[in-house]
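Q: Could you walk me through this one? I'm new to it.

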Amino acid sequence: MHYLLFIGALLFFAFIAPLKLAVTACALVLIVTVAVKVSAQVVAGTSPTLGESFKSVFYASLLVALALMAFMSFSSGTGIHHIEGWPAVAVLAGLFVAYTLGFQIGIGTSFGASAVIALISTLVSGAILWSVKNLASF
């Protein structure tokens with residue numbers, strides 16, 4: 001049933017976005033998913049499917065979005081809008097834990113392996129996206 005929701009969201013995005021943006025976004029999501037799959041194979045020795053890798057990327061993004069909304073709710077409720085020092089480190093650590101939990105839930109690896117998978121896949125995906133952005137600007 002959740003696949004129908006993904007397909008519906010994809011179709012909705014495809015109808016409201018320009019064609020070039022829709023194709024580029026789908027290609028970039030596929031690149032990130034493949035990077036997660038390969039890094040999970042290297043780090044954990046498991047072989048997740050592309051569906052499991054996509055779910056882990058989706059869960060990681062969802063959990064980070066929820067953590068950011070909770071943090072913004074906290075900061076607007078308390079009036080604290082400038083955070084620095086150790087509290088900022090704690091916020092970043094919380095976001096990394098939320099991101100890592102997405103990979104742990106989606107792939108089913110341990111927390112440590114999920115943290116390494118998250119770190120490697122983020123670095124590889126960032127490098128690929130950065131290189132694609134630079135290639136597209138020429």
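Q: What should I know about the model before we start?
A: This is a predicted model, where local features need pLDDT of at least 70, side-chain atom pairs count only at pLDDT 80 or more, and totals for chains, interfaces and linings use all residues. Residues are numbered from 1 along each chain as its sequence is written, and side-chain values use heavy atoms, with hydrogens and water left out.

Q: OK, how many helices and strands are in the protein chain?
A: Five helices and zero strands. Both are DSSP runs, numbered from the N terminus: helices are H or I with at least four residues, strands are E with at least two.

Q: At what angle do H3 and H4 pack?
A: About 150°, with the axes 7 Å apart. H3 covers residues 50-78 and H4 covers 86-107. Axes are lines fitted to C-alpha atoms, for helices over the stretch in contact, and angles run from 0 to 180 degrees between N-to-C directions.

Q: So what does that make H3 and H4 to each other?
A: Roughly antiparallel. Angles over 145 degrees count as that, under 35 as roughly parallel, 65 to 115 as roughly perpendicular and the rest as oblique.

Q: Which residues make the contact?
A: Among them are Tyr59, Leu63 and Phe71 of H3, and Leu95, Tyr99 and Phe103 of H4. Contact means heavy atoms within 4.5 Å.

Q: And by class?
A: The contact of H3 with H4 has 16 nonpolar, three polar and one charged residues. Ala, Val, Leu, Ile, Met, Phe, Trp, Tyr, Cys and Pro count as nonpolar, Asp, Glu, Lys and Arg as charged, and the others, Gly among them, as polar.

Q: How do H2 and H3 cross?
A: At roughly 105°, and their axes come within 9 Å. That makes H2 roughly perpendicular to H3. The contact includes Val29 and Val36 of H2, and Phe54 and Val57 of H3.

Q: New topic. What lines the largest pocket?
A: There are 19 lining residues, and Phe6, Leu10, Val29, Phe54 and Phe58 lie nearest the centre. H1, H2 and H3 each supply at least two residues of the lining. A pocket is an open set of points on a 1 Å grid over the protein atoms alone, where a 1.4 Å probe fits, with protein on both sides within 12 Å along at least five of seven lines; lining residues have an atom within 4 Å of a point.
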